[in-house]
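Dear colleague,

Please find below the structure for your review.

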Amino acid sequence: MAIITLTTDLGYKDFYQAALKGSILSTLPHVNIIDITHEIQAFNISRAAFILKNCFSYFPKNTVHLIGIDTVYSEYNKYIAVKYRDHYFVGSDNGIFSLIFDEEPQEIVEINIMQDLKFLHFPLADIFVKAACHLAAGGALKEIGIPTDKVEERVNLHPIVEPDQIKGSVIFVDSFQNVVTNVTKNLFTKVQQGRNFTLSFRRNETINQLSWHYNEVPEGEKLCLFGISDHLEIAINKGNASGLLGLNIGDIVRIDFQ
């Protein structure tokens with residue numbers, strides 16, 4: 001069965017999400033619609049990209065991922081469809097794709113489907129749906145757009161790396177209030193070279209040991225580990241690290257190697 005996933009900032013209180021799903025089912029009745037999330041903060045491209053980047057590969061190949069973030073058309077915000085690692089993505093060319101992809105996509109088209117005027121203020125339920133359903137039904141990218149080789153570039157803040165130190169920042173807080181930093185496992189290992197370390201952050205808090213699991217420390221104790229995203233996380237066993245430790249998106253963390 002064809003699969004279309006949805007990642008949007010539509011929320012659950014209004015009719016927009018239902019209208020989007022109804023449009024999909026009216027176009028492709030037997031498609032399997034999977035909600036990744038509708039709770040992205042309005043226009044928060046970075047958060048949407050992080051979530052989608054860390055889950056899309058768990059879906060079967062040829063899954064279509066519809067991204068409903070910042071979808072109002074302008075000459076600077078075009079709509080594109082992309083094939084990447086045998087998955088399809090449909091969304092606005094607002095920089096989100098450059099945050100999701102680690103390598104060049106297999107194919108990109110600028111969507112040229114005609115806008116239905118009755119959906120002028122809700123293109124997500126029109127152009128995006130038509131493109132996503134076309135791909136989910138096995139259609140070719142070239143049939144819905146003009147080939148291109150570029151996507152809008154957007155860059156996340158990178159850690160500052162020195163021989164004995166990494167300065168990173170918080171980039172994500174999950175629903176458990178685990179704090180995710182922009183320090184990847186590969187970067188940490190490369191700089192560490194087997195040495196001991198001290199992770200420091202707000203309120204003079206420190207951690208000097210990596211954990212494999214959240215329950216390796218007593219309940220209520222802080223820890224750090226590399227989670228499913230392969231980014232360094234700061235957590236509290238059965239606690240809320242963000243709130244209790246005062247860590248929020250953009251806050252600085254420092255890792256010193258001895």
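A search of the whole structure finds 13 aromatic pairs, where rings of Phe, Tyr and Trp (its six-membered ring) pair if their centres lie within 6.5 Å, with planes under 30 degrees apart counted as stacked, over 60 as edge-to-face and the rest as tilted. One of them joins Phe56 and Phe89: the ring centres are 5.3 Å apart and the planes stand at 75°, so the pair is edge-to-face. This pair links distant parts of the chain, 33 residues apart, with Phe56 in the loop between α2 (45-53) and β3 (64-68) and Phe89 in strand β5 (residues 87-92). Helices (H or I, at least four residues) and strands (E, at least two) are DSSP runs, numbered from the N terminus. Both Phe56 and Phe89 are buried (under 20% relative accessible area; exposed is over 50%, partly exposed in between; 1.4 Å probe, protein chains only). Together with Tyr84, Phe97 and Phe101, Phe56 and Phe89 form one aromatic cluster.

The model is predicted: local features need pLDDT of at least 70 and side-chain atom pairs count only at pLDDT 80 or more, while totals for chains, interfaces and linings use all residues. Residues are numbered from 1 along each chain as its sequence is written, and side-chain values use heavy atoms, with hydrogens and water left out.

Strands β1 and β2 (residues 32-37) run parallel and are joined by 5 bridges; two strands pair if DSSP finds at least two bridges between them. Leu6 stands opposite Asp35 in β2.

Finally, two residues deserve mention for their backbone angles. Phe43, in the loop between β2 and α2, has a positive phi near 65° without being a glycine, and Phe43 is exposed, with a relative accessible area of 57%. Asn62, in the loop between α2 and β3, likewise has a positive phi, of about 75°, and is partly exposed at 46% relative accessible area. Most residues other than glycine have a negative phi.

Yours sincerely
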